[in-house]
Amino acid sequence: MTSHDLRDVLNIPSDASAGPRPTKKQKTSAPRPNLKGLAREVQNLGGDNPIAIVPEVSIFKKRRVASRKPAARWELRAFTNSARADDGALLLRHWRRKTDDGCAPHGDSTLQDGEAQPGNGTSLDGEQKQQQSKAEVVEDSAYAKYNVQVQVPQYSEDQYHANLQNSDWTKEETDYLLGLVKEFDLRWTVIWDRYEFSPRVAGPNGDAATSTAVVPASSRPRTMEDLKARYYEVAAKMMAVQKAVQYMTGPEFQLYEMMQNFNPAQETARKEFALNRMARSKDEAREEESLLLEIKRILARTERFNEERRELYNRLDYPATDTDINSFKSSAGLQSLLQNLMNLDKSKKRKSIMAGPGDGVSPQTAVPGSAVSETGPGGGGGGHHRRESIAASASGNHRDSIAGTPATPVEPPPSATTGVGASKKKSSGGAQQVVERRKLTEQEEQIYGVTRHERLNPSGPTFRYEKINKLYSHKSGQQQQRITNALLELDIPPRLAMPTAAVTAQFEKLWSAVTALVDLRKVSDRLDSDIKVEEAKKAERDKVRAAKQSASGGGDGDLVPSVEKDNASERPPSRAGPAPGGEEKVAAGDGTAGGAAVAASVDSPTVIKEEQAGDKDKLGVASAAASRPGSSGAHKRSASVLSTTSDKSSKRQKK
Amino acid sequence: MAQQPLSSAQQPTDIYGGDEVSALVLDPGYCHTRAGYAGEEMPKQVIPSFYGHTADGRDIFGDEVIIPRASFEVRNYMNRDSVVEDWDVATKIWEHLLVKRLQPERPTPASKNGLNNVNDNDGDVAMEDVLKDENGGIDASLLEKPLAESPLLMTEAPWNTAKAREKAIEISMENWGCPAFWLSRTPVLAAFAAGKATALVVDIGGANASVTAIHDGMVLKRSIQRSPIAGLWLSNQIRAMWETCEPKVEIVPTFMVENKKPVEAGAPADVRLRNFGFPIADSFRAFEEERLLTEFKESVVEVWRGPGRYQGPNEDFARSQPGRVFEMPDGSNQMWREQRYKVAEGMWDETAAYPITGGGDEGRVSKGQTIPALIKASLEGVDVDLRPNLLSNIVVTGSTSLLNGFNDRLNMELTAMYPGLKIKIHAAGLTSERRFGSWIGGSILASLGTFHQMWISKKEYDENGPGIVEKRCK
């Protein structure tokens with residue numbers, strides 16, 4: 001407290017020239033005495049006033065150690081500033097420590113200074129020398145480097161006419177604007193403040209009318225937005241001219257975009273808003289403040305509501321039926337789907353467990369024991385953790401069930417929030433943890449290709465095309481060749497391109513039909529050869545009989561053509577399967593064959609017997625082929641069946 | 001504990017980017033003219049802008065020479081707008097400050113002092129002859145320019161005319177031979193003194209009150225607002241109050257009192273006045289009266305801090321508060337209670353001002369001249385985006401702003417005017433910092449290392465003529 005302050009307090013006029021202030025200032029700036037033996041914190045308790053109980057140790061000013069070294073020399077050294085526009089014409093001088101080493105010229109100059117001081121008679125040439133040496137060594141100001149300037153777009157006359165024409169702006173005014181921008185380093189407030197463009201009055205030849213017409217139009221006050229818009233327009237266009245847009249670097253392009261998208265109207269509107277905001281009265285300000293508070297409160301509340309609602313929805317899980325199932329069509333997708341379904345199932349189950357003992361209002365509060373205290377305040381976060389832990393444990397169970405063992409409680413993952421509660425639950429309700437797969441509906445099963453087997457193949461899971469290959473491998477090479485030929489006739493590759501379940505099933509059908517056909521042909525071939533043999537025998541016998549008859553005379557010579565006819569009519573259908581007319585012929589041939597057989601049975605019982613057996617075989621095979629879902633009747637022959645099924649399977653394959 | 005003296009062996013650490021080149025700073029105002037070296041915290045020389053003019057045509061400068069003399073007038077080289085009017089005297093007064101008072105006496109160079117001239121008979125040489133060369137004209141090169149070593153930074157009012165600016169650089173370059181010159185506006189410097197580059201400067205000085213927005217160290221011209229509601233106007237208010245109050249208070253300046261006896265409060269003065277043998281000029285008496293009024297302003301006048309305007313119920317409240325006693329030079333003293341608030345109320349409320357008798361239109365305050373109105377008008381002249389920033393950076397400077405309660409009232413008025421915005425008033429606590437705000441700012445600016453590139457050098461002046469000041473000192 002100085003006398004000055006006292007005067008201030010008492011309102012006594014103080015003489016301004018009396019300046020006790022500086023001493024006070026010095027006092028405050030001086031470091032506080034460091035008291036030994038007292039904790040700094042305790043010292044700080046005292047604030048600005050030193051603690052009274054500690055005796056102030058008077059510290060005397062240390063005696064200055066007189067150094068033997070001579071006093072430091074200083075010199076008034078001239079320097080220039082390269083940031084100045086007058087190329088070093090201004091030589092200012094400041095005091096600098098004199099350096100003995102290296103800078104001999106400096107020493108020289110000061111020496112000459114010293115010489116020049118006492119007697120001016122010699123100073124003329126001395127000064128000249130001094131000037132010379134100074135000119136050689138004048139240092140540059142350390143502050144010159146701070147002289148930075150903004151980059152303002154430059155344009156030539158042609159470029160202006162090509163790119164920058166604007167009906168509202170003349171070239172002179174644009175030049176003026178850019179000059180101001182450069183001068184004031186893009187400080188728009190200052191630019192707008194100093195913007196006083198007065199267009200030149202039209203030249204001597206320009207008549208008064210045009211000049212007066214032009215002047216008021218362009219001398220109307222420009223708003224800051226006008227100026228900015230024009231400048232950004234010019235800058236953006238010149239930027240694009242100098243460097244095509246596609247070659248700009250990221251920041252350059254950003255700048256370009258920003259300048260291009262400058263919207264003066266929006267800026268003006270914003271400023272109007274700001275103006276209105278400033279102009280509101282005290283009551284309005286208070287009202288606005290309270291409204292803002294209210295909004296904040298409402299927002300906070302809705303946030304909580306949303307949180308709770310989301311929590312609720314998470315609990316009420318529902319199968320997402322409307323989602324695309326394409327992701328589940330691969331085996332990996334199926335796997336994950338299965339896991340998901342299991343997780344959902346699991347969580348549902350657990351929730352019901354959790355909600356069980358509680359009142360059911362909030363599942364979180366129903367979590368027993370310490371889990372309440374841990375998950376309760378956590379809110380959504382806690383729920384999330386639980387979900388995670390459930391997923392983890394569910395996946396563990398899933399693996400177990402795949403292995404075929406009954407579900408066993410899995411060690412819960414080390415989750416901070418649910419650790420205790422989860423283990424408690426596990427111990428209490430381990431029995432209820434049996435994995436229960438969700439029942440798929442018929443349709444779903446079809447879609448996912450789920451099939452059920454009583455027991456698995458002893459060889460384990462196989463690929464579908466291997467199954468088909470296995471079918472092949474059971475046949476002899478000749479038969480394989482025949483089957484392949486038959487399939488090729490139907491335009492079906494022997495190896496399926498897309499062996500889906502349905503396709504393989506159909507292919508199997510087709511394949512068995514083809515095998516049956518091949519077998520039938522084998523049988524028919526054998527029969528043919530037999531018949532030939534028998535015929536040969538018969539002819540032999542006939543010869544013998546004719547030889548006898550010629551002796552005795554015989555009457556059943558007309559039987560031979562009928563049998564021959566039968567054979568002839570029987571052969572074509574087996575040879576030409578897909579022929580459309582073959583069906584009727586076969587049917588007709590069958591009938592005639594039957595008739596022929598009956599007729600034949602009259603006089604050649606052995607042959608008839610054989611024929612009947614062959615027919616029965618045929619019919620059996622045919623009926624076996626015809627009893628398949630695609631065929632219409634038992635009387636139809638395999639060829640027709642073949643044709644229809646092959647059509648279908650080929651269609652499927654194309655699909 | 002005393003500070004350790006700076007060791008002379010090491011360079012001072014330039015924490016503020018200073019690089020001193022022994023520049024001079026000159027801050028002329030209507031009431032006082034201040035001068036000193038850049039880098040110092042106070043001006044070394046402060047003299048009144050009033051100067052004595054004797055009948056025989058001599059002008060004498062400085063506070064101490066203004067004493068009653070025969071046929072002696074007191075004049076001011078500036079007009080009430082704080083713009084130099086009498087350039088001849090201004091040159092002399094400034095030279096008196098910068099050369100005679102600030103620079104050390106320098107011996108005449110030996111080549112010129114005549115002592116070495118052996119061909120002289122009596123050894124006594126008339127100075128004029130030495131300086132004259134063979135042609136009889138004064139050789140300019142022989143005349144050593146007085147300020148050839150010091151760059152000069154001058155301040156000016158923001159509304160200074162272009163002509164006055166050119167004249168200023170002409171004088172400093174031609175007459176004094178300054179190597180470099182700069183002209184800066186007072187509000188900018190006041191903002192610098194407060195450590196701000198962007199500020200709304202409220203400068204309540206002697207002759208003018210002005211409000212100016214500064215952005216990045218540049219005056220925003222459209223925001224310049226000024227009014228005469230400043231020290232002199234307040235003096236006139238006090239005069240008017242003294243004239244209207246009962247009993248009427250006579251103004252007797254100190255120099256007229258020869259002898260006085262203490263009297264009771266409110267009693268007429270018991271004084272014997274000094275009798276000069278010559279008539280005292282009115283201007284001298286006015287100058288002396290102004291001193292008395294300044295004292296009254298400093299010790300008695302107070303600004304009603306609020307809440308609300310002073311007029312109305314607050315006036316009754318103020319009447320019940322303890323007043324202040326002021327003793328006139330003639331010994332009469334009186335307690336001032338509510339009046340001391342009322343004289344300053346006109347700064348805020350144009351209806352509360354005392355009507356100036358005989359002052360004509362000059363003393364009357366219009367609505368737009370009050371300080372809140374000035375600030376409002378000033379803010380309307382700047383971009384909307386800048387206004388909140390300015391309002392949170394209000395710099396109060398000028399000696400009239402030292403009135404008790406001024407800042408509180410200003411804060412109250414502004415909060416009422418802009419309720420939603422943050423208002424922060426920066427007013428230096430030290431009296432001298434408020435009085436010499438612009439000089440201190442000039443001192444800071446001229447000692448900055450980065451300022452070296454700004455100076456207008458002699459070469460630039462020679463090439464471009466005085467018009468360069470308009471181009472450079474924006």
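**View 1. Salt bridge between Asp19(B) and Arg96(A) in the predicted model.** The two side chains meet at 3.5 Å, N to O. A salt bridge here is a side-chain nitrogen of Lys or Arg within 4 Å of a carboxyl oxygen of Asp or Glu. Between chain B and chain A the count is 8 salt bridges.

In this predicted model, local features need pLDDT of at least 70 and side-chain atom pairs count only at pLDDT 80 or more, while totals for chains, interfaces and linings use all residues. Residues are numbered from 1 along each chain as its sequence is written, chains are lettered from A and ligands numbered from 1 in the order in which they are written, and side-chain values use heavy atoms, with hydrogens and water left out.

**View 2. The interface of chain B and chain A.** Contact (heavy atoms within 4.5 Å) joins 58 residues of chain B to 51 residues of chain A. The two chains bury about 4900 Å² between them, with 54% of it on carbon and sulfur atoms; buried area is the accessible area (1.4 Å probe) that two parts lose on being put together, summed over both.

**View 3. Cys31(B) and Cys245(B).** Cys31(B) is partly exposed, at a relative accessible area of 24%, whereas Cys245(B) is buried, at 12%. Buried means under 20% relative accessible area, exposed over 50%, and partly exposed in between (1.4 Å probe, protein chains only). Over all chains the structure holds 0 disulfides, a disulfide being a pair of cysteine sulfur atoms within 2.5 Å.
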